[in-house]
Amino acid sequence: MFNPKTLSEMKKVFIVAAVCAAFGFNTAQAQTDTTAVVNNQMAACISEEPFKAIEADSLPQAIKETLATTYKDLTVKAAYVKEEEGVKTFKVTLADADDKTIDVIFNEKGEALPAENQN
C-alpha cells in the first residue's frame with residue numbers, strides 16, 4: 001500500500017517542517033520579549049518627570065532679575081523646579097513675539113546653565 005521510499009521522504013519532510021516551526025516560534029518569541037523590554041524602558045523614561053510646575057512668581061529673585069535683563073524681549077510661559085541632593089534647578093519656558101518657545105535652565109543664583117546640562 002505505501003511505498004517505503006515515499007514513507008521515508010514523508011518522514012524527512014515532516015522532520016524539516018517541525019524543525020522550521022520550532023525555530024520560527026523561538027525567533028518570534030525572542031522578538032516579542034525584546035519588544036516588551038524596549039517598551040518598558042521607554043515607558044520608564046517617558047514617565048520620569050524630574051521638574052515640577054510652579055508659578056512664575058515663585059522663581060527666585062536672582063532668576064527674575066536675569067529674565068528682566070538678559071531675556072527682556074521674551075515672555076515667561078511656564079516655570080518648573082527640581083531638587084536633587086539639596087540643589088534646586090529651575091526650568092523656564094520663554095516665548096518670543098511669534099510664540100516660539102525655548103527652555104532655559106537656571107541655578108538658584110540666576111545663572112543660565114550650559115545646554116548640555118539642560119535635561
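What share of the chain's contacts between residues at least 6 apart in sequence join residues at least 24 apart? I looked this up first: the share is 39%, with contact meaning heavy atoms within 4.5 Å.

**Ground rules.** I am reading a predicted model, where local features need pLDDT of at least 70, side-chain atom pairs count only at pLDDT 80 or more, and totals for chains, interfaces and linings use all residues. Residues are numbered from 1 along each chain as its sequence is written, and side-chain values use heavy atoms, leaving out hydrogens and water.

**Layout.** I found two helices and four strands, following the pattern α-β-α-β-β-β. These are DSSP runs numbered from the N terminus: helices are H or I with at least four residues, strands E with at least two.

**Sheet.** I traced an open, antiparallel sheet in the order β1-β2-β3-β4. Its edge strands, β1 (52-54) and β4, each pair on one side only; two strands pair if DSSP finds at least two bridges between them. I counted nine bridges between β2 and β3. I also looked up lysine 82, and its bridge partner is threonine 89 in β3.

**Core.** I noted that 17% of the 119 residues are buried, that is, under 20% relative accessible area with a 1.4 Å probe, protein chains only. The largest nonpolar core has eleven residues, among them Leu59, Ile63, Val81, Phe90 and Phe106. Such a core is a set of buried Ala, Val, Leu, Ile, Met, Phe, Trp, Tyr and Cys residues joined through side-chain atoms within 4.5 Å. I checked who supplies this core: α2 (61-69), β2 (75-84), β3 (87-95) and β4 (101-107) each give at least two residues, and β3 gives the most, three.

Conventions
Buried means under 20% relative accessible area, exposed over 50%, partly exposed in between (1.4 Å probe, protein chains only).
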